[in-house]
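Visitor: I'd like to learn how to read a structure like this one. Could you walk me through it?

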Amino acid sequence: MKAADFDYQRPSNLEAALDLLDDESGDVQVLAGGQSLMPMMNFRLAQPELLVDLNGLEDLQFIREADGHIQIGSMTRYCELENSPLIQQHVPLFSKALPHIAHVAIRNRGTIGGSTALADPAAEMPALLIALDAIIVARSRHGERSIKAAEFFLGLYETALEMGELIASISIPISEAGCECGFYELARRHGDYAMAGVAITVQTTNPISEARVVFFAVSDRATRTEAVENQLNGVSTLAGEEMKNAMEEIGKLDFHGDLNADIATKQHLAKVVFKRAIAEIFS
Ligand SMILES: Cc1cc2nc3c(=O)[nH]c(=O)nc-3n(C[C@H](O)[C@H](O)[C@H](O)COP(=O)(O)OP(=O)(O)OC[C@H]3O[C@@H](n4cnc5c(N)ncnc54)[C@H](O)[C@@H]3O)c2cc1C
């Protein structure tokens, strides 16, 4: 199929883009990497009247260190994140996970802002941002607000973004010494969407503390589970009774089946990816 008719604007600065987005009719959508939006338009699952192309906006393309954070412009592409020395040094969880997102051709175009705004429950990025305690900076004609990743993803393709807002940047706190991360996903083929995955950050100083465990591709959104984290915090390693308890708590997550796997399969795979990510951290 072909996309329905739409108007197209390519603003040259952020203020002009925000002016175009400030439209009460709600029929305006921004175009980032187009890796999800273009197929959705071609299938007529999305039919914006006006497409605002962000690709000319240099003020949304940066990776920098400031105030104890790594700040990333929303139009930064996956491939730029993969190749960034700042990311490799300070956000190792990204370096582990990014190669699992689709294929090189898609990572050459897809952006961190696009994946975050889309809130696909099977996507890696929402889980990574929650695990890293990231802050999403939204901009509109009327100002700026900062939203914690844990409060940003509200459900299936649903976020806390309001009409007229776009994601301007994403800010990731630089982790303290002793912070380790683990990532594991299972997909039918490398590059396919995951059937189940998990991102973990944890202070491995004895005893373990500040664990953040976030599953993706198992529910209607990336899901942080404090009940599982509680099994990690306060022990020196996760084995025996604590691992058994963690498995039980994982089984209680709000699993949703999808095209890739039914609920029973996801329940099983979630336990597998958790064990493998933990083994990676503590090996
Ligand atoms: C074959 C294939 C395989 C894929 N596999 C995976 C995978 O394994 N894992 C994975 O995570 N993804 C996968 N993807 C999706 C890919 O990661 C997309 O790039 C990503 O989901 C969207 O990013 P984008 O920059 O292309 O956004 P676009 O497609 O341009 O936009 C997506 C949505 O976000 C909105 N948007 C974009 N930028 C902003 C912004 N700054 N502020 C507010 N709203 C915004 C758009 O209006 C649109 O609604 C795959 C895609 C394809 C085609």
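Predicted model: local features only at pLDDT ≥ 70, side-chain atom pairs only at ≥ 80, totals over all residues.

Visitor: How do β4 and β5 pair, and over how many bridges?

Guide: Two strands pair if DSSP finds at least two bridges between them. Here β4 (residues 63-66) and β5 (residues 69-73) are antiparallel, with four bridges.

Visitor: What about β6 and β7: how many residues lie between them?

Guide: Two residues, in another hairpin. Strand β6 (residues 135-140) pairs with β7 in the antiparallel sense over six bridges, and Ala 138 has Arg 145 of β7 as its bridge partner.

Visitor: How many residues of β7 are buried?

Guide: A residue counts as buried if 20 or more other C-beta atoms lie within 10 Å of its own, exposed if 12 or fewer, and partly exposed in between, with C-beta atoms placed from the backbone. For β7 (residues 143-148) the count is zero among its six residues, so we call the strand hardly covered.

Visitor: And why is α8 said to be largely enclosed by the rest of the structure?

Guide: Because eight of its eight residues are buried. Among them are Glu 124, Met 125 and Pro 126. Just after α8, look for Asp 133, which has a positive phi of about 60°.

Visitor: Which residues have the most contacts inside the largest nonpolar core?

Guide: In soluble globular proteins, nonpolar side chains tend to be buried together. A nonpolar core is a set of buried Ala, Val, Leu, Ile, Met, Phe, Trp, Tyr and Cys residues joined through C-beta atoms within 7 Å. The largest one here has 81 residues, and Leu 93, Leu 128, Val 198, Ala 199, Val 214 and Phe 216 have the most contacts inside it. Take Ala 199: beyond its neighbours within four places in sequence, its contacts include Leu 93, Leu 128, Phe 183 and Val 214. Contact means C-beta atoms, placed from the backbone, within 7 Å.

Visitor: Where does the ligand lie relative to domain 1 and domain 2?

Guide: Domain bounds come from an automatic or database domain assignment, which gives domain 1 (7-53), domain 2 (58-173) and domain 3 (179-282). The ligand's shell lies between domain 1 and domain 2, because both give residues to it. Near means a C-beta atom, placed from the backbone, within 6 Å of the molecule or strand. Of the 27 residues around the ligand, those that come nearest are Gly 33, Gly 110, Gly 113, Gly 114 and Ala 123.

Visitor: Which element gives the largest share of that shell?

Guide: Helix α7, with five residues. At least two residues each come from β2 (28-31), α7 (112-118), α8 (124-131) and β10 (166-173).

Conventions: Residues numbered from 1 in each chain as written. Contact = placed C-beta atoms within 7 Å.
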